[in-house]
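Thank you for making the time this morning.

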Amino acid sequence: MLFLLGLDSQFGMLESLLTSLKDEFPVLNRARKEFVSGGICLFLFIAAIPMAFQGGLYIVDILDNWSLSYPLLIIAVVEMVAVSWVYGVDRFADEIKQMIGYRPNMYFTICWKFISPALVTLLILSGIVLSIIDGYPSYEKFVGCDNVTLIDQGFAPEATDSWVVPDKMPGGSVAFIILINMASCFMMPLYAIKYIVKGR
């Protein structure tokens, strides 16, 4: 059951990635879909191989805990500001009226324009403040399965039941966290500049 659930989720994720790539690179529409899908799966398989090695759990931990929170919230704020303030909430409401026959009530327009951007911005700022208060990023370091191993590494002979101790992340890991957070956010201004230049 869990295998089928995971497989079903992969279909949706792969299809959304495939559609995005075909929209951006129309040359892929000429190739057979099976080959393009197989190429994407092969690339993702190769990219995931490091997670199967000894330090793989740490990579998964970084990707799981640090790669999505800020970029998703920043993208959400930018989308709300773009639709409500740049495009205009009144024009957006008029287009909704064309589709469903009536304009959204004032509650939705106020939420789109003021409440939602303010709340999501507050979430981002509170996350940044909490990160600063917590200090340098840490992780759970596996230290071995016996007291001799712990003593040899300079730790106290007692550890948690899972034989891990909190430790500060190496500098390279912090740089990787910053890079993966910035990579998804920088696409928005880059594409905006591209289309502004292209429009001229």
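Let me begin with a question: how do the axes of α4 and helix α7 cross, and within what distance do they come? The axes of α4 and α7 (residues 171–199) come within 9 Å and cross at roughly 15°, where axes are lines fitted to C-alpha atoms, for helices over the stretch in contact, and angles run from 0 to 180 degrees between N-to-C directions. The two helices are therefore roughly parallel to each other; angles under 35 degrees count as roughly parallel, over 145 as roughly antiparallel, 65 to 115 as roughly perpendicular and the rest as oblique. On the α4 side the contact is made by Tyr70, Pro71, Ile74, Ile75 and Val78, and on the α7 side by Asn181, Ser184, Cys185 and Met188, contact meaning heavy atoms within 4.5 Å. By class, that is seven nonpolar, two polar and no charged residues, with Ala, Val, Leu, Ile, Met, Phe, Trp, Tyr, Cys and Pro counted as nonpolar, Asp, Glu, Lys and Arg as charged, and the others, Gly among them, as polar.

Before going further, a word on where these values come from. This is a predicted model, in which local features need pLDDT of at least 70 and side-chain atom pairs count only at pLDDT 80 or more, while totals for chains, interfaces and linings use all residues. Residues are numbered from 1 along each chain as its sequence is written, and side-chain values use heavy atoms, with hydrogens and water left out.

Helix α7 also packs against helix α3 (residues 56–66), at an angle of about 45° and with the axes 11 Å apart, and that makes α3 oblique to α7. Here Ile62, Leu63 and Trp66 of α3 meet Ser173, Phe176, Ile177, Ile180 and Asn181 of α7, a contact with six nonpolar, two polar and no charged residues.

What angle do α1 and helix α2 make where they cross? Their axes come within 11 Å and cross at roughly 110°, which makes α1 roughly perpendicular to α2. From α1, the residues Leu14, Glu15, Leu17, Leu18, Leu21 and Lys22 meet Lys33, Val36, Ser37, Ile40, Cys41 and Leu44 of α2, and this contact divides into eight nonpolar, one polar and three charged residues.

Stepping back to the chain, there are seven helices and two strands, helices (H or I, at least four residues) and strands (E, at least two) being DSSP runs numbered from the N terminus. Along the sequence they follow the pattern α-α-α-α-α-β-α-β-α. Of the 200 residues, 19% count as buried, where buried means under 20% relative accessible area, exposed over 50%, and partly exposed in between (1.4 Å probe, protein chains only).

Finally, two residues. Leaving aside neighbours within four places in sequence, Lys22 is in contact with Leu28, Asn29 and Lys33, and its C-alpha atom is separated by 9.5 Å from that of Val36, 14 residues apart along the chain. Ser84, found in helix α4 (residues 69–100), counts as buried because its relative accessibility is 3%. Not counting residues up to four places away in sequence, Ser84 touches Val89, Trp112 and Lys113.
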